[in-house]
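Subject: A structure for your attention

Dear colleague,

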Amino acid sequence: WDSSEYNRWLMLSFPLLSQHVVQDEKKVVHYVLLNAPWSVLCYYAEDLQLRLPLQALPNQASNWSDRVAKRLGVPSLLHEEVPNLPLDYYTCHFKVNKLAWFLGSNEQDTFFSSTQRHRILYEILATTPYGHLNQGEVGVDRLLSEDVFVAAFPLHEGPFVVPVDRLAPESLTQRQVLFQYWARWRKWNRYQPLDHIRRYFGEKIALYFAWLGFYTGWLLPAAVVGTLVFIAGIFLMLSDIPAQEICESEDQYQMCPLSSERSFHSPCFYWKRMNATLAHRWDCSDFEDIEERPRPQFTTMAPMMMENPITGAEEPYFPKRNRVKRVMAGLMIIIMMIAVVVMFLISIILYRAIISILVSRSGNFLFVASASRIASLTGSVVNLIFILILSKIYIALAHFLTKWEMHRTQTKYEDAFTFKVFVFQFVNFYSSPIYIAFFKGRFVGYPGHYKTLLGIRNEDCGAGGCLIELAQELLVIMVGKQVINNVQEIVIPKLKGWWQKYKLRSKKRKSKEAQLGLVHQGPWESNYELLVCEGLFDEYLEMVLQFGFITIFVAACPLAPLFALLNNWVEIRLDAQKFVCEYRRPVAERAQGIGIWFYILEVITHLAVISNAFLIAFTSDFLPRLYYQYTRTSNLQGYVNFTLAYAPKHFASQHNVTCRYRAYRDESGRYSLTYWNLLAIRLGFIIVFEHVVFFIARVIDLMVPDIPESLQIKVKRERYLAKQALAENKVNLGASERKSEPPPALCKQHPKTGS
């Protein structure tokens with residue numbers, strides 16, 4: 001496409017449009033700089049229903065630790081004064097004919113914030129036509145997809161590095177403030193300046209960092225409790241009577257040959273309160289997207305045209321029946337990929353069995369004694385490698401499938417893509433821990449009747465049960481993934497940034513400025529050399545998967561929250577540096593919350609309750625010990641003998657040995673009455689546990705309102721002021737009447753057509 005028609009339309013909205021040309025040895029780069037005049041800003045501010053200030057308020061943002069520290073009269077270790085703190089405001093939807101009622105309306109340069117200006121400019125760019133409207137030839141997004149333009153982005157506010165001559169905090173730009181007080185590593189123990197992030201990057205990105213900080217704060221007490229439980233578990237293990245019974249038994253228990261609980265409350269309840277507070281403070285509580293435009297790829301590939309029932313305009317259309325067929329075909333491919341994950345899981349199971357046999361036959365005493373541990377640990381590492389490889393393959397496949405399904409809007413596209421990736425990643429990352437927690441050792445059989453898989457005997461849990469191996473698997477997968485991701489987030493952006501600058505910078509420039517000896521690089525050039533911001537999907541996915549690890553299997557690995565906390569301290573600063581230093585400034589987007597990810601977190605929370613109930617009931621020794629204490633003796637003396645069964649007589653006579661194995665069976669191999677009693681107790685415990693936890697969660701949900709009372713009062717006050725300011729029939733006397741009349745130049749009039 002020729003961009004001249006598009007530029008002609010842009011000139012109607014941007015009379016201040018300017019162009020810069022930079023030429024090197026290989027190519028010429030044209031930069032088009034846009035700056036909207038006051039009348040255009042006012043028109044689109046009303047059209048987009050932007051909220052502007054009516055009355056200023058002191059910023060009352062605070063954290064719970066600050067409030068506690070103030071009451072105790074001690075300084076807060078996490079709080080830091082950040083310069084140029086944005087004020088809080090009572091706001092309402094902008095109306096041009098009520099301009100005088102808005103605070104600061106006489107200051108045209110500062111009345112609209114930079115993010116509001118960016119939002120207005122992007123709206124114009126996205127709706128400006130360049131060809132036939134009935135063919136969807138509208139907007140800069142489609143021009144970008146067809147390589148007419150290579151980039152479209154707002155400029156950063158100068159460099160992020162603070163010059164030597166600008167040491168006063170009040171003189172720093174917004175970007176420099178974020179770098180100095182947020183993105184630096186030494187700020188790891190400080191609260192994030194969320195209002196500054198929102199003012200510079202917009203609500204959507206600010207809400208991500210708000211949620212990440214909230215979640216990390218929730219991890220802190222969880223990590224402390226988990227560490228204490230781990231330490232207490234070690235001491236209890238050292239003084240455990242059944243363990244002493246085994247050590248003092250000598251050869252009493254000849255084993256047949258083998259080839260503490262807790263749950264954390266979900267942070268979802270309290271996040272809803274914080275989310276509501278931030279959404280109102282950032283003027284997003286009543287935000288609703290206007291009719292969303294079709295995706296550029298959709299308009300290009302749609303096979304037919306149809307009238308939009310809302311706008312009445314002809315636009316590209318894809319039949320719903322065809323989309324349903326493609327979605328069903330995509331689901332079949334997802335199921336096939338899940339089957340591939342199961343095949344890899346089976347291969348890992350066989351790998352552990354084979355390695356254990358090979359190491360046992362090595363003849364080295366140290367290796368033979370640790371054969372099962374070596375097989376388990378190396379199997380976890382190999383499993384992590386498979387998981388990461390399958391993740392990369394499937395994400396690329398999910399992109400292809402979601403594009404093929406032809407979703408009309410970007411929101412529907414992102415929701416479909418998120419669903420596909422999360423379902424697959426859930427199975428990919430959690431299949432091995434689920435197998436160890438709930439299936440390993442359940443289908444072993446008994447001496448003389450062992451069950452096999454492809455000719456190899458099924459895996460059994462070690463002498464200490466499967467919880468230890470489950471904890472090892474969780475730590476290898478979770479911590480290994482975190483370390484690899486952090487290394488990638490440090491190294492890959494640096495390499496991409498270097499390559500981007502290498503491609504764009506030439507040894508010799510041929511521009512007019514260079515010929516005159518002026519080689520100063522413009523801000524549009526330095527911004528173009530930065531990396532493209534690829535959104536928040538990968539960041540959310542990483543944190544949601546981590547949340548699943550530390551909640552679904554928390555009963556098995558009390559140290560998981562500690563490793564998650566350490567990772568998140570690094571993650572916050574890494575993400576901050578990427579957005580402030582390495583990415584082009586993204587277009588500010590509005591949002592009410594974290595979107596579909598909140599519902600995914602709620603689903604994981606419910607699964608975590610069920611998972612931990614089964615872990616406590618079936619995988620741990622918690623219920624068998626209680627049963628033994630109530631039916632035999634309270635001091636657990638003889639508990640080990642209680643958990644061991646005798647091998648069948650035909651097996652003992654065949655091998656000329658009387659041996660024991662872990663099971664509740666009689667000498668013929670059938671399940672004993674104790675097994676059935678314990679099974680009934682376990683199932684009853686699961687039902688009671690789930691009902692009690694869900695009941696407590698429901699009570700807390702009812703007791704803790706989603707919207708704090710102080711916020712409800714503020715909302716009512718804001719509505720009252722908005723009603724007073726925007727009343728159409730309000731009678732003004734004297735000077736007030738003359739003041740309320742808008743200047744003639746600001747009448748509601750379309751900036752392009754003048755109508």
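Between which two helices does the loop with Glu589 lie? Glu589 is placed in the loop between helix 20 and helix 21 (596–619). Helices here are DSSP runs (H or I, at least four residues), numbered from the N terminus.

Two remarks on the source come first. This is a predicted model, in which local features need pLDDT of at least 70 and side-chain atom pairs count only at pLDDT 80 or more, while totals for chains, interfaces and linings use all residues. Residues are numbered from 1 along each chain as its sequence is written, and side-chain values use heavy atoms, with hydrogens and water left out.

To return to Glu589, its relative accessibility is 43%, so this residue counts as partly exposed. The scale is as follows: buried means under 20% relative accessible area, exposed means over 50%, and partly exposed is in between, with a 1.4 Å probe and protein chains only. Leaving aside neighbours within four places in sequence, Glu589 is in contact with Arg119, Phe201, Gly202, Glu203 and Lys204. Contact means heavy atoms within 4.5 Å.

A pair of helices

Two packed helices are described by the angle between their axes and the distance between the axes. For helix 19 (residues 537–552) and helix 20 (residues 560–582), the axes come within 11 Å and cross at roughly 170°. Helix 19 is therefore roughly antiparallel to helix 20. Axes are lines fitted to C-alpha atoms, for helices over the stretch in contact, and angles run from 0 to 180 degrees between N-to-C directions. Angles over 145 degrees count as roughly antiparallel, those under 35 as roughly parallel, those from 65 to 115 as roughly perpendicular, and the rest as oblique.

On the side of helix 19, the contact is made by Glu539, Glu542, Met543, Gln546 and Ile550. Helix 20 contributes Ala560, Pro561, Ala564, Asn567, Asn568, Glu571, Asp575 and Lys578. These residues divide into five nonpolar, three polar and five charged. In this count, Ala, Val, Leu, Ile, Met, Phe, Trp, Tyr, Cys and Pro are nonpolar, Asp, Glu, Lys and Arg are charged, and the others, Gly among them, are polar.

The nonpolar cores

A nonpolar core is a set of buried Ala, Val, Leu, Ile, Met, Phe, Trp, Tyr and Cys residues joined through side-chain atoms within 4.5 Å. The largest one has 94 residues, and Trp182, Phe201, Trp211 and Leu470 have the most contacts inside it. Helix 8 (residues 203–238) supplies the largest share of this core, namely 13 residues. A second, separate core has 26 residues, including Leu41, Leu54, Leu57 and Tyr90.

Trp211 touches Trp271, Tyr540, Met543, Ile594 and Leu601, not counting residues up to four places away in sequence. Trp182 is one of the buried residues of helix 6. Helix 6 (residues 174–183) is mostly covered, as ten of its ten residues are buried.

Helix 14 (residues 371–404) has 34 residues. From its first C-alpha to its last, helix 14 reaches 48 Å, close to the 50 Å expected at 1.5 Å a residue. The expected span of a helix is 1.5 Å times one less than its number of residues.

Met406 lies in the loop between helix 14 and helix 15. Although Met406 is not a glycine, it has a positive phi of about 60°. Its relative accessible area is 4%, so Met406 is buried. Asp283 also is not a glycine and has a positive phi of about 60°. Asp283 is located in the loop between helix 10 (268–281) and helix 11 (296–301).

Contacts across the sequence

Leu467 lies in helix 16 (residues 466–504). Besides Ala556, Leu467 touches Leu615, Thr619 and Ser620, not counting residues up to four places away in sequence.

Phe685 is found in helix 25 (residues 673–703). Phe685 and Ala617 are 68 residues apart in sequence, and their C-alpha atoms are 6.9 Å apart in space.

Yours sincerely,
A colleague
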